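Please examine the structure below together with its sequence.

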Amino acid sequence: MDEKSSDNMGKLYVIGVGPGASDLITVRAARILAELDVIYTPTGKKGAKSLAHSIIEEYLLAETKVFTYHFLMKADIDAKNAVWDEVAHSLQEEVSDGRKVGFITLGDPMLFSTWVYLLQRLVSTQMVIPPWLEIVPGITSFSAIAAAGTMPLAMENQTLAVISCTASETTLEQALLNHDCLVLMKVYSHFPLIRNLLQRHNLLEHALMMADATLPGEQCWRDLTTLPFSEKDCRQELSYFSTILINKNWQLSR
Ligand SMILES: C[S@@+](CC[C@H](N)C(=O)[O-])C[C@H]1O[C@@H](n2cnc3c(N)ncnc32)[C@H](O)[C@@H]1O
């Protein structure tokens, strides 16, 4: 970005919009959303409405320009990089032109968020954080699930691991053995593997799974043995937004 006087610069707000319910965003996020010139919202499918956008739509001014970009979940790395390069460039231009720009992400922007690919492009190679960037935290999916499922995340000297189920079976198993409490994200087609691991280590009675938490279709399973999902069924029937919480010191009643 060209050097400009800070008076002429706009600002980029990266805003966590929470797990799904529109009233689970922060007061700061709501205030900033109501002041934006333009907002960038992600969608995983071309032409589909962005979930993040539908969560915060009610807080936007009618005149705020909405730019929906399609991030490619299954494309090769070069195609993905091309999208991130383009969006990063476009955000920098908007800020350079003096606009207040919002970039929204589900949950919290600093947890398993594709926003970090943009952050890598916006900070310089010396890791200097741009003065025109503000990150607004959001409620993570797992804190919303712990509240909705009444399951404590961790207490006292317990350890809490947050892991993506895309990790290897060995990594997942080691984490199950080494920690008192765990959050397993991106469960999706990995559910049969996870259930087997939980069964092998007698953890089923300490685990719950929630899909689409705080959204209208929210589902909660306290007994994972009742789910018939095969890997193929998971791809078709289990929401991408599914997360498992485990607390070895908290036994669930069914
Ligand atoms: C790319 S990560 C985004 C995480 C997000 N930044 C956060 O703070 O929760 C997507 C994963 O988050 C979890 N997730 C996000 N929203 C959820 C919801 N409403 N209910 C259950 N799990 C959710 C799922 O494990 C999903 O696969």
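What distance separates the centres of domain 1 and domain 2, taken over C-alpha atoms? The two centres are 27 Å apart. Domain 1 spans 11–139 and domain 2 spans 142–247, with bounds that come from an automatic or database domain assignment. The contact between them involves six residues of domain 1 and eight residues of domain 2; two residues are in contact if their C-beta atoms, placed from the backbone, lie within 7 Å. On the side of domain 1 that touches domain 2, five residues are nonpolar, one is polar and none is charged.

This is a predicted model, in which local features need pLDDT of at least 70, side-chain atom pairs count only at pLDDT 80 or more, and totals for chains, interfaces and linings use all residues. Residues are numbered from 1 along each chain as its sequence is written.

Helix α5 covers residues 141–148, and its buried residues are S141, F142, A144, I145 and A146. A residue is buried if 20 or more other C-beta atoms lie within 10 Å of its own, exposed if 12 or fewer, and partly exposed in between. The strands below are among the elements that cover these buried residues.

| Strand | Residues |
|---|---|
| β6 | 160–164 |
| β7 | 181–185 |
| β8 | 207–211 |
| β10 | 242–247 |

Helices (H or I, at least four residues) and strands (E, at least two) are DSSP runs, numbered from the N terminus. After α5 comes T150, with a positive phi near 50°.

V123 belongs to the loop between α4 (115–122) and β5 (133–136). V123 counts as partly exposed because 13 other C-beta atoms lie within 10 Å. Leaving aside residues up to four places away in sequence, V123 touches V128 and I129.

Conventions: Ala, Val, Leu, Ile, Met, Phe, Trp, Tyr, Cys and Pro count as nonpolar, Asp, Glu, Lys and Arg as charged, and the others, Gly among them, as polar.
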